[in-house]
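Here is a short briefing for a reader meeting this structure for the first time. Please look over the sequence and the model before reading on.

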Number of protein chains: 2
Amino acid sequence: MPDDAALIDLLAALAYGELSAFDRLAEDARMAPSLSGRAALAQMAAVEIGHYRLLAERLIALGASPEEAMAPFAPALERFHARTVPADWLEGLVKAYVGDGLAADFYREIADFVDPATRELILEVLADAGSAAFAVREVRAAIAAQPVLAGRLALWGRRLVGEAISQTQHVLAERDSLTTLLIKGTGDLAGVAALIKRITDRHSERMATLGLNG
Amino acid sequence: MPDDAALIDLLAALAYGELSAFDRLAEDARMAPSLSGRAALAQMAAVEIGHYRLLAERLIALGASPEEAMAPFAPALERFHARTVPADWLEGLVKAYVGDGLAADFYREIADFVDPATRELILEVLADAGSAAFAVREVRAAIAAQPVLAGRLALWGRRLVGEAISQTQHVLAERDSLTTLLIKGTGDLAGVAALIKRITDRHSERMATLGLNG
């Protein structure tokens, strides 16, 4: 079982991710072409904040200050968002769908390496806030109406996964506790490689679901 | 009892108010000097969206499209926000506290003129999302540390109430159903004047609570 430092790091990274997902969704909501689209994204943002609260409460129960525990993870997540600012509503939806999917796959893999109570919390906060079905519907409809969009959005998806992997590596390089958790959990570096392969395979499936070449 | 058109207008104005309060709080959260302040404002924003959903559901139950019903109220609320963009975190908190307070006082007065089920819904969505206590604590602490702030924030409060009254007049001038509801409810123009007096008195009390001259 990982020690408390690793658990705190894991939950704090996830908590900051929820806080920044809230920001991103709230901001993207303003690009919505309709009031109902805007309300839909705002409601997804609200779900992320509910998840944030659960994680912050668990951090406090573990004796950590959420603010201090999250601080080391802010730069990488802010860099990710700064480098992947959507140019329009559709890029925002692809980012919400692909980004949430990647993060969820990654944390679900890691959830296998921790105690049952922590695993249950992680799986709960990764539950889809309804964004997947909404994003898939809107993006597919847009591509059906304007097939030329597919090329740009496919490139965008590749950029998102590239930045996500790059920033995750930054975090792992700085947080020994998480690297140890990951390597011990997967067994060895070959296990880590297999995990990355599973995550990128699922990313390709999501791109295909959107009607895009991953 | 007011007719359905007036009820739909009332609920739609309130719904758009919640949607734009979400935006404002989500945006102001980014000015927070700490992660805990940012999370606090994001959580308040999430509460507003929960209220929005209740109002949208009631509009649908009344046979209205929330999107169409809200559209007439968007310009006035957007004008209000565009003319009262906070320059910093403290102005944002004063706006959240004073703006929510003014809106809540206004809708609570009108709630007396509608059927019990609608009144109950209105009172539920006006329930304080915790922003009052948070804003009062932060603003008072800031003024205690730096008394010179009080002058600027007092001016800011007066500008907020002026813009709120001005935009409310715009809305009433365009929506006969709401004007009729207000005049029938209060009895006559003297009744409307008394209502405005009660609302501005409560605004002055709120300013005093913040440690400011209203």
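Predicted model: local features only at pLDDT ≥ 70, side-chain atom pairs only at ≥ 80, totals over all residues.

Residues are numbered from 1 along each chain as its sequence is written, chains are lettered from A and ligands numbered from 1 in the order in which they are written, and side-chain values use heavy atoms, with hydrogens and water left out.

**Symmetry**

- A rotation of 180 degrees, with 0.0 Å of shift along its axis, superposes chain B on chain A at an RMSD of 0.0 Å. That is the relation of a two-fold axis.
- The superposition is by least squares on the C-alpha atoms of residues with pLDDT of at least 70 in both copies.
- A46(B) comes closest to the rotation axis among the residues of chain B, with its C-alpha at 2.2 Å.
- The same surface serves both copies, as 100% of the contact residues of chain B recur in chain A.

**Interface of chain B and chain A**

- In contact (heavy atoms within 4.5 Å) are 24 residues of chain B and 24 residues of chain A.
- The two chains bury about 2,100 Å² between them, 57% of it on carbon and sulfur atoms. Buried area is the accessible area (1.4 Å probe) that two parts lose on being put together, summed over both.
- The interface holds 8 salt bridges. A salt bridge is a side-chain nitrogen of Lys or Arg within 4 Å of a carboxyl oxygen of Asp or Glu.
- It also holds 14 residue pairs in polar contact, both at pLDDT 80 or more. A polar contact is a pair of N or O atoms within 3.5 Å; within protein, one must be able to donate a hydrogen and the other to accept it, and residues adjacent in sequence count only if both atoms are side-chain atoms.
- On the side of chain B that touches chain A, α1 (4-29), α2 (35-61) and α3 (66-70) of chain B each supply at least two residues. The largest share, 11 residues, comes from α2(B).
- Helices (H or I, at least four residues) and strands (E, at least two) are DSSP runs, numbered from the N terminus.

- Side chains of opposite charge can pair when their charged atoms come close.
- The count of salt bridges over all chains comes to 30. E78(B) lies in helix α4 (residues 74-83) of chain B and R38(A) in helix α2 (residues 35-61) of chain A, so this pair joins two chains.
- The closest N and O atoms of E78(B) and R38(A) are 3.8 Å apart.
- E78(B) is partly exposed at 33% relative accessibility, whereas R38(A) is buried at 11%. Buried means under 20% relative accessible area, exposed over 50%, and partly exposed in between (1.4 Å probe, protein chains only).

**Salt bridges within a chain**

- D105(A) forms a salt bridge with R202(A), with the closest N and O atoms 3.4 Å apart. D105(A) lies in helix α5 (residues 89-111) of chain A and R202(A) in helix α10 of chain A, so the pair ties together parts that are 97 residues apart in sequence.
- D105(A) is buried at 6% relative accessibility, while R202(A) is partly exposed at 28%.
- A network of salt bridges links D105(A), R108(A), E109(A), R198(A), R202(A) and R206(A).
- R206(A) lies in helix α10 (residues 189-209) of chain A and is buried, with a relative accessible area of 11%.
- Not counting residues up to four places away in sequence, R206(A) touches Y97(A), V98(A), G101(A), L102(A) and D105(A).
- In chain B, D105(B) and R206(B) meet in a salt bridge of 3.1 Å, N to O. D105(B) lies in helix α5 (residues 89-111) of chain B and R206(B) in helix α10 (residues 189-209) of chain B, so the pair ties together parts that are 101 residues apart in sequence.
- D105(B) and R206(B) are both buried.

**Aromatic pairs**

- The structure holds 5 aromatic pairs over all chains. F106(A) and Y107(A) form an edge-to-face pair, 5.7 Å centre to centre, with 70 degrees between the planes.
- Rings of Phe, Tyr and Trp (its six-membered ring) pair if their centres lie within 6.5 Å; planes under 30 degrees apart count as stacked, over 60 as edge-to-face and the rest as tilted.
- Y107(A) is buried, with a relative accessible area of 13%. The rings of F106(B) and Y107(B) have centres 5.7 Å apart and planes at 70 degrees, so that pair is edge-to-face.
- F106(B) and Y107(B) are both buried.
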